[in-house]
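Please open the model in a viewer and follow the stops below in order.

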Amino acid sequence: MDSTAVDRFDADRFEAGRNRLASLAYRLLGSATDAEDIVQDAFLHWQAADRQRIRVPEAWLTKVVTNLCLDRLRSAQARRERTVGAWLPEPLLDGDPMLGPADTFEQRESVSLAVLTLMERLSPHERAVYVLREAFSYSHAEVAEILDITESGSQQHLHRARHRVTAARRGGEVDPASARRIVEEFLAAATSGRVERLVALLTDDATAISDGAGLSRKLLRYDTPQRIAAIARAGLKPTPAKRRLAGGTPAVHYALVNGAPAILFVPGDRVVGAVTFDLTEGRIATVRGIAAPNRLVRLAEAWREHEPDAPLITRW
């Protein structure tokens, strides 16, 4: 096999694992944009390596991507970008290959917006061990090799990570039909101004987070059902000013985002806003409002290739 054919063969081997590497990077960083950059950097490392000496390419590439992500998390720039009050995970439309694997509850949970947010409380090593074990089922021996730590160190990191995630967890999986019904009721109550119904749909300790329609440098947080209901009523009631900001009259669609129910605001084929919901015991525990364009790039691209159901509201 000549050198050109070898390079093509090795490039094909890398491409065969690209989605898995991107999914790993996304779970570690919570950003699809950063994950894509990391995978491209890993490809450059792959091209520069003596590939004939790499016995297990999947393991080698996993180690490269994991350590590139850890370097990113430790960098001064990343610490500034991810300061408390300024960072949200980048949402992804269900079906995006970056959300895989998704065969088990643990795998699906590890890519939820709730857990991606919770992982900001973990150290980089705790985060890496949690993702490699929970989402990709690597053994502690394999994790130790990837991270250059001991097996007992891997076990300790996993114990701490699981404890922190479990302590802050807000319920398990929700029946899809019930989730849609609750979100439809929330939207109907908010657009019609029925504050009492909104409060009834929220847990007593509900929280809401918004990027201020993409206009606020810091995230806006609300922490009582009454405040959340008031903000939802004000934010989801359509007005001419909001339509101008959206660049048209959006349709409102129900969707699944990172496995959770959501509503998307879509003028034409452009997603200009997303509201996601975490549910527990039949009520809403967390509401996230996301409208900053840089947080919606990949979701918006996926939506243009998506065949949606009929909108919940045709002209908002």
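Begin with Phe14, Tyr26 and Val65, the residues with the most contacts inside the largest nonpolar core, which has 46 residues. A nonpolar core is here a set of buried Ala, Val, Leu, Ile, Met, Phe, Trp, Tyr and Cys residues joined through side-chain atoms within 4.5 Å; buried means under 20% relative accessible area, exposed over 50%, and partly exposed in between (1.4 Å probe, protein chains only). At least two residues of this core come from each of α2 (18-29), α3 (32-48), α4 (57-74), α7 (113-118), α8 (124-134), α9 (140-147) and α10 (151-168). Helices (H or I, at least four residues) and strands (E, at least two) are DSSP runs, numbered from the N terminus.

The model is predicted: local features need pLDDT of at least 70 and side-chain atom pairs count only at pLDDT 80 or more, whereas totals for chains, interfaces and linings use all residues. Residues are numbered from 1 along each chain as its sequence is written, and side-chain values use heavy atoms, with hydrogens and water left out.

Keep Val65 selected and display its contacts (heavy atoms within 4.5 Å). Not counting residues up to four places away in sequence, Val65 touches Leu21, Leu24, Ala25, Ile38 and Ala42. Then select Phe186, Leu198, Leu236 and Tyr254, which are included in a second, separate core of 28 residues.

Next, turn to the sheet. Its 6 strands are ordered β2-β1-β6-β5-β4-β3, and the sheet is open with mixed pairing; two strands pair if DSSP finds at least two bridges between them. Because β2 (220-222) and β3 (251-257) at the edges each have a single partner strand, one side of each lacks a neighbour in the sheet. From one strand to the next, the twist averages 15 degrees.

Select β4 (residues 260-266) and β5 (residues 273-280): the two run antiparallel and are joined by 4 bridges. Phe265 stands opposite Gly273 in β5.

Finish with the salt bridges (a side-chain nitrogen of Lys or Arg within 4 Å of a carboxyl oxygen of Asp or Glu). The structure holds 19 of them. In the one between Glu120 and Arg127, the closest N and O atoms are 2.7 Å apart. Glu120 is partly exposed at 27% relative accessibility, whereas Arg127 is buried at 2%. Finally, select Glu36, Asp96 and Arg298, which a network of salt bridges links.

Definitions and conventions. Axes are lines fitted to C-alpha atoms, for helices over the stretch in contact, and angles run from 0 to 180 degrees between N-to-C directions.
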